[in-house]
Amino acid sequence: MTVRIYIPRDAAALALGADRVAKALAREADTRKLDIKIVRNGSRGMHWLEPLVEVETVEGRIAYGPVKPSDLASLLDAGLLEGKAHALCLGGTEDIPFLKNQTRLTFARCGVIDPVSLDDYKAHGGLKGLEKAIAMAPADVVKEVTDSGLRGRGGAGFPTGIKWKTVLDAPGDRKYIVCNADEGDSGTFADRMIMEGDPFVLIEGMAIAGLATGAAKGYVYTRSEYPHAIAVMNEAVTVARAAGLLGPSVLGSGKAFDMEIRVGAGAYVCGEETALLNSLEGKRGIVRAKPPLPALQGFMGRPTVVNNVISLASVPVIMDKGAAYYRDFGMGRSRGTIPLQIAGNVKHGGLYETAFGLTLGEIVDTIGGGTASGRPVRAVQVGGPLGAYFPRALFDTPFDYEAFAAKDGLIGHAGITVFDETVDMLKQARFAMEFCAVESCGKCTPCRIGSTRGVETADKIAQGIEPEKNRALLADLCNTMKFGSLCALGGFTPYPVMSAMTHFPEDFSPAPLVEAAE
Ligand SMILES: Cc1cc2nc3c(=O)[nH]c(=O)nc-3n(C[C@H](O)[C@H](O)[C@H](O)COP(=O)(O)O)c2cc1C
Ligand code: SF4
C-alpha cells in the first residue's frame with residue numbers, strides 16, 4: 001500500500017530546506033524501492049519544527065522534525081513509514097501541545113490537506129459554506145456574517161458584515177471583491193500561510209462575498225515577495241475554474257463570480273486599502289482621501305469590498321457552522337478566533353489560532369515559551385510596525401481589540417514580536433520613525449516631514465543633545481502625526497514611539513556623548 005508522506009511547500013518550510021528534504025526522500029525511496037507518495041502540504045505553523053515531515057499511519061499522522069536531508073536514511077532505517085520511534089519523532093501531530101491547544105476554525109485544513117486538491121478540500125468540509133450561501137438570499141448571507149461578530153483581521157477591526165451591507169445596498173451594475181493580501185506588517189505570515197496551505201478557503205470566502213454583495217469579479221492583491229503564495233493561488237484558481245467553483249455559474253447557481261491574482265511591487269502603504277486600489281488600477285500607490293468609502297466608490301469607482309485574507313477565509317466556516325457557533329468564541333466585542341503570529345526572539349515561533357481573550361503573558365511565556373536567547377523578555381510589539389511595545393507590566397492585557405486600545409495599543413493583524421533584555425528601545429523608536437519616513441506615500445505633511453524630523457530628534461536624544469527638550473519635541477511630533485495624518489501609517493507610527501518612551505524611559509536618557517567619550 002502506498003504510504004503518504006507530507007512535506008510542506010510553505011515558504012517558511014522551504015526557507016528551512018523542505019525542498020531538499022523532499023528531493024532526498026524521493027531519491028532514498030527510489031533506491032530502496034519504497035512505495036510512497038510525497039504530498040506537499042501547507043505548514044502546521046510550528047516554525048521551529050520545520051521542515052516537519054509527517055507520515056500517515058493507521059494511528060493517524062506521526063510527525064518528525066526538524067528534518068534535514070541527512071536524517072532521512074536513519075529515519076527510514078528506524079521505520080519512518082510505519083511511524084516508528086526516532087530521535088526526531090514528535091508523536092502524533094495533533095497531540096503536539098502547540099497544535100492540540102489551538103482552536104482552528106480558519107486554519108482547520110492548513111497543513112492537513114494537499115493545498116491544490118479540490119477533492120481533498122471537499123473531503124475536509126470545504127465548499128459547505130458556499131453551498132449554504134447559494135441557497136440563501138444575499139441579504140441573509142450578509143446578516144449571517146454580521147451576526148457572527150466577525151471584524152476585519154487586516155488591522156482596523158471594522159465589522160465585516162456592515163461593510164458587506166454597504167456594498168450590497170450601494171447602487172451599481174458592477175461591484176468588486178478585493179482581497180487585501182499585501183501583508184506588509186513585519187512578523188506576520190497568516191495570509192501567506194492560508195494562500196500557500198489552503199487557497200480554496202480564500203476562493204470560497206471570496207465567492208461567498210461576491211454572491212452576498214452582487215459582485216461578479218474579485219482580485220487578490222498580493223506582493224512580489226510572496227512568489228510561492230502567488231504560484232499556489234494561481235494553480236488553485238485554475239482548478240476552481242475548471243471545476244465550476246469559479247466562472248459564469250458558481251457551482252451551478254446561475255450566479256457569476258471569477259477572480260484573478262494581482263501582484264504589487266511591495267510597498268507597505270499599498271496595504272492601505274485606497275493606495276491598494278490605486279495600485280490595482282495601475283496608478284501610483286498613494287492614499288486616497290476618504291470619503292468616498294471604497295465600499296461606495298472603490299475599484300474603478302465602483303462599490304468594492306476590501307477585506308483582508310483572514311477575514312474572507314473565516315467566512316466559509318461561519319456560513320457552514322452558523323453565526324452563533326463562531327460568535328460563541330472570544331470575549332467582549334472580539335468574537336471568534338484570531339491567528340496569532342508569534343515571531344522575533346521567541347522559542348516557539350509560529351501561527352497559533354485561538355479564541356480572543358488569552359493574555360499577552362500567556363501567549364508570550366506559555367505558548368511562545370519565552371525568548372529563544374533564554375534571556376528575560378523585555379518588550380513585545382503587537383500589531384506590526386505601527387503597534388505599541390508592551391512591557392511585562394502589561395502582560396495581563398487580554399488579546400481583545402478594546403483591551404489593547406485601552407492600553408494605547410492595537411492588535412492589528414495579530415503579529416507579536418518578542419524582544420529580550422538586550423533591546424534598545426530608543427533605537428526601536430527611531431526605527432519606527434525611519435520606517436514611516438521610508439514608506440510614507442508623501443501625500444500629507446505630518447507623516448512625510450514629521451517622520452524625518454522624528455528620526456533626527458531620536459538621533460539627538462541618543463547623542464545626549466538637550467535630551468529633555470528633544471524628548472518633549474518627539475512627543476509633540478507624535479501628537480501632530482497622530483491627529484494630523486491622512487492615514488494610519490503616519491497616524492499610528494506614534495504608537496511604537498510613544499509606548500517605547502512611556503514604558504522604557506530609561507532608554508531615552510543615555511549618557512551624553514561627551515561624557516561617554518571621556
Ligand atoms: C499603512 C497601512 C498598511 C496596511 N496594510 C494592510 C495589509 O497589508 N493587509 C491588510 O489586510 N490590511 C492592511 N491595512 C488595512 C487596510 O487599509 C484595510 O483596513 C483592510 O484591508 C480592510 O480589510 P478588513 O476589514 O478585512 O481588515 C493597512 C492599513 C494601513 C494604513
Ligand atoms: S499618513 Fe503618510 S502614508 Fe498616509 S497619506 Fe499621509 S503621507 Fe501618505
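In this predicted model, the side chains of Ser-43 and Glu-50 are joined by a polar contact of 2.7 Å. A polar atom of the Ser-43 side chain also lies 2.8 Å from the backbone nitrogen of Gly-45. Ser-43 itself belongs to the loop that runs between strand β2 (36-39) and strand β3 (53-57), and with a relative accessibility of 0% it counts as buried, because the cut-off for that class is under 20%. When its neighbours within four places in sequence are set aside, the contacts of Ser-43 comprise Pro-8, Asp-10, Glu-50, Cys-110, Gly-111 and Met-193.

One of these contacts, Met-193, is listed among the buried residues of helix α9. This helix, which spans residues 190-197, is mostly covered, with eight of its eight residues buried. The buried set comprises Ala-190, Asp-191, Arg-192, Met-193, Ile-194, Met-195, Glu-196 and Gly-197, and thus includes Asp-191, Arg-192 and Glu-196, which count as charged by residue type.

Apart from neighbours within four places in sequence, Pro-69 is in contact with Arg-20, Val-21 and Ala-24. The C-alpha atom of Pro-69 is separated by 9.9 Å from that of Glu-28, a residue 41 positions away along the chain.

For Ser-311, a polar side-chain atom is placed 2.6 Å from an oxygen atom of ligand 1. Backbone atoms also approach this ligand: a backbone N or O atom of Arg-153 lies 3.4 Å from an oxygen atom of ligand 1, and a polar backbone atom of Gly-271 is found 3.2 Å from a nitrogen atom of the ligand.

Ligand 2 has 13 residues around it, of which Cys-441, Lys-443, Cys-444, Cys-447 and Cys-487 come nearest. By residue type, the shell around ligand 2 consists of eight nonpolar residues, four polar residues and one charged residue. The space that ligand 2 takes up is the largest cavity.

Definitions and conventions: Residues numbered from 1 in each chain as written. Chains lettered and ligands numbered in written order. Predicted model: local features only at pLDDT ≥ 70, side-chain atom pairs only at ≥ 80, totals over all residues. Heavy atoms only, no water. Near = heavy atom within 4 Å. 1 Å grid on protein atoms, 1.4 Å probe; cavity = no way out; pocket = protein on both sides within 12 Å on 5 of 7 lines; lining within 4 Å. Sits in = over half its atoms within 2 Å of the grid points. Helix = DSSP H or I, 4+ residues; strand = E, 2+ residues; numbered from the N terminus. Buried < 20%, exposed > 50% of the residue type's maximum accessible area, 1.4 Å probe, protein only. Polar contact = N/O pair within 3.5 Å; in protein donor to acceptor, adjacent residues only side chain to side chain. Contact = heavy atoms within 4.5 Å.
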